[in-house]
Amino acid sequence: MKYDTVEAFRAKRDEAVDFIQGETDFQPEYLLILGTGLGQLAEEIEAEHIISYDDIPHFPVSTVESHAGKLIFGKLGGKNVVAMQGRFHYYEGYTMQQIAFPVRVAKSIGAQTLLVSNACGGLNPNFSRGDIMLITDHINFLGDNPLIGPNDDDLGPRFPDMSEPYTERLLELAETVALEHAIKMHQGVYLAVTGPMLETKAEYRYMRQLGADVVGMSTVPEVITAVHMGMDVLGISVITDECFPDALEPVEIEDVLAAAAMAEPQMTQVIINVLERL
Ligand code: HPA
């Protein structure tokens, strides 16, 4: 069987949940997923408990060096959060169900809202390397989907609505916070691809024409999973390279990490201030 049955999935999830609840009785309200080069935000959390992914039954383990691989439970902006320091990408070879798993587990232990960040390439010519962008909508170009397979009707509907995957109220709050702190923050559409290679000029041109403002290799599976379960979602992208087909420069992972580090303080401030206001 390519996909777990509903019963098999529930057994795995419950085992992970039982393990976590055996370690800590901390109840997170918010799930934070930190993107490539954006793990510093985790340092701001007043950590109460840290669990390594390797220890949690059925949890995938990150393979990418720039991702740490632990769950951090604690307070951020006065709220109870659990942060995934290190996330899972489709290009690592995980199935969509594996990528969705931590989000399902987080929901089971209390998280009602997903705050997600990522590094991405800027397609919109008004965006510069090191800028941040609120994700207003997305395009799933992964050619796969975490909801394919048996649907657990206790978690969410077979055919979930996607008319507002990114919660309007949270978008407005993030915008207010950015304005108040004079942080330049764009808004736009995130297009998800599998990677792991970056795109060709022809692909960037095509993606821009499709209506995308940025392109990246993550986020959409976790957002779809969260929306399926009725969670609220806020997504912030950091533009780590400029994907302008007529002026394309080669990009190294070091450039991506350096740009993420440049933008991280602004992104951190927006997320912390949003949490404070919620
Ligand atoms: N393309 C896809 N993913 C990315 C990029 C990009 O240019 N930059 C950072 N992640």
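**View 1. Strand β5 in the shell around the ligand.** In this predicted model, β5 contributes the largest share of the shell around the ligand, namely three residues. Strands β5 (113-122), β8 (214-216) and β9 (232-242) each provide at least two residues of this shell. The residues around the ligand are Ala119, Cys120, Gly121, Leu198, Glu199, Tyr204, Val215, Gly216, Met217, Thr240, Asp241 and Cys243. By class, seven of the shell residues are nonpolar, three polar and two charged.

View 2. An N or O atom in the side chain of Asp241 lies 2.6 Å from a nitrogen atom of the ligand. An oxygen atom of the ligand is 2.9 Å from a polar side-chain atom of Tyr204. At Gly121, a polar backbone atom is 3.3 Å from a nitrogen atom of the ligand. On its own the ligand has 260 Å² of accessible area, of which the protein covers 94%.

View 3. Among the 26 residues of its lining, Thr36, Leu198, Met217, Ile253 and Val256 lie nearest the centre. Two or more lining residues come from each of β5, β8, β9 and α6 (253-277), and β5 gives the most, with four. The lining comprises 13 nonpolar, nine polar and four charged residues.

**View 4. The largest pocket.** This pocket has a volume of about 500 Å³. Its lining consists of 26 residues, with Tyr3, Asp4, Phe9, Gln97 and Gln98 closest to the centre. Helices α1 (6-23) and α2 (96-108) each supply at least two lining residues; α2 gives the most, with six. Twelve nonpolar, eight polar and six charged residues make up the lining of the largest pocket.

Conventions:
Residues are numbered from 1 along each chain as its sequence is written. This is a predicted model: local features need pLDDT of at least 70, side-chain atom pairs count only at pLDDT 80 or more; totals for chains, interfaces and linings use all residues. Side-chain values use heavy atoms; hydrogens and water are left out. A residue is near a molecule or strand if one of its heavy atoms lies within 4 Å of it. A polar contact is a pair of N or O atoms within 3.5 Å; within protein, one must be able to donate a hydrogen and the other to accept it, and residues adjacent in sequence count only if both atoms are side-chain atoms. Accessible areas come from the Shrake-Rupley method with a 1.4 Å probe; for residues, only the protein chains shown count as cover. Ala, Val, Leu, Ile, Met, Phe, Trp, Tyr, Cys and Pro count as nonpolar, Asp, Glu, Lys and Arg as charged, and the others, Gly among them, as polar. On a 1 Å grid over the protein atoms alone, a cavity is a set of points where a 1.4 Å probe fits but cannot get out, and a pocket is an open set with protein on both sides within 12 Å along at least five of seven lines; lining residues have an atom within 4 Å of a point. Grid points are joined across faces, edges and corners, and a volume is the space filled by probe spheres set on the points.
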